[in-house]
Amino acid sequence: MKPRPADRLPGARSSAVAVTCVLIIGENETVSHEIGHDRLDNLRDRLREFVAERDWAQFHNPKNLAMALIAEAGELVEHFQWLTPGQAERLSPEALIEVEHELADVLIFLIELADRLDVDLLAAAERKLQLNAEKYPVEKARGRATKYNKL
Ligand SMILES: [Mg+2]
């Protein structure tokens, strides 16, 4: 993955250790975050190895990875389909293990897709969280499940 310094938050990259990055919330507010870039990078590297060993890169283009991601998200949703909200909160240990597997599948394809597109997933998520904070200011959005353009 080629580094794209302009897209990165200050201090947000490290291949060896978790680092602190600063997220600017408001004009004068900042929040420090410990981000496990090392774990995500490590998992991405292991996925690269896994794919290379099997010569699967030829199949893992962004289109196929995006489709696989949604297919796995569908498998995840199947575990909750037709349950009441209360039942969904109290999955059996066996069902929870199956859900865990589907969550892992979703994460794996998400990491692979981001890798193929050269997107720093954690930095992108930090940026999106900031955008969401602007779209949904606490004073307007608190306790409301209303889309930002209707607040
Ligand atoms: Mg699956």
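Predicted model: local features only at pLDDT ≥ 70, side-chain atom pairs only at ≥ 80, totals over all residues.

Me: What does the angle say about the direction of α2 relative to α4?

Reply: An angle over 145 degrees counts as roughly antiparallel. The axes of α2 and α4 cross at roughly 165 degrees, and therefore α2 is roughly antiparallel to α4. The crossing has a hand as well: α2 passes α4 in a left-handed crossing.

Me: Which residues make the contact between α2 and α4?

Reply: On the α2 side they include L65, A68, L69, E72 and L76. On the α4 side they include V99, E102, L103, V106, F109 and L113. Sorted by class, the contact of α2 with α4 has 13 nonpolar, no polar and 6 charged residues.

Me: Which residues make up the largest nonpolar core?

Reply: That core has 5 residues, namely L65, F109, I111, L113 and A114. Helix α4, residues 93-116, gives the most to this core, with 4 residues.

Me: L76 also takes part in the contact of α2 with α4. Where does L76 lie, and is it exposed, partly exposed or buried?

Reply: L76 lies in helix α2, which spans residues 62-78. To judge burial, one counts the other C-beta atoms within 10 Å; a residue is buried at 20 or more and exposed at 12 or fewer. L76 has 18, so it is partly exposed. Setting aside neighbours within four places in sequence, L76 is in contact with V99, E102, L103 and V106.

Me: What share of the residues in the protein is buried?

Reply: Of the 151 residues in the protein, 9% are buried. As for contacts with a separation of 6 or more, 52% join residues 24 or more positions apart.

Me: How many helices and strands does the protein have, and what pattern do they follow?

Reply: There are 6 helices and 2 strands. Along the sequence they follow the pattern β-β-α-α-α-α-α-α.

Me: What may be read from the backbone in the loops?

Reply: One may look for a positive phi in a residue other than glycine. W82 has such a value, near 75 degrees, and its place is in the loop between α2 and α3. D118 has one near 60 degrees, and its place is in the loop between α4 and α5.

Me: Are W82 and D118 buried or exposed?

Reply: W82 counts as exposed because it has 7 C-beta neighbours inside 10 Å. D118 has 11 such neighbours, so D118 counts as exposed too.

Me: How far apart in space are E134 and Y148?

Reply: E134 lies in helix α5. From C-alpha to C-alpha, E134 and Y148 are 9.5 Å apart in space, and they are 14 residues apart in sequence. With 11 C-beta neighbours inside 10 Å, E134 counts as exposed.

Conventions:
Residues numbered from 1 in each chain as written. Core = buried A, V, L, I, M, F, W, Y, C linked by C-beta atoms within 7 Å. Contact = placed C-beta atoms within 7 Å. Axes fitted to C-alpha atoms, helices over the stretch in contact; angles between N-to-C directions. Parallel < 35°, antiparallel > 145°, perpendicular 65-115°, else oblique. Left-handed = near helix turned anticlockwise from the far one by under 90°. Nonpolar A, V, L, I, M, F, W, Y, C, P; charged D, E, K, R; others polar.
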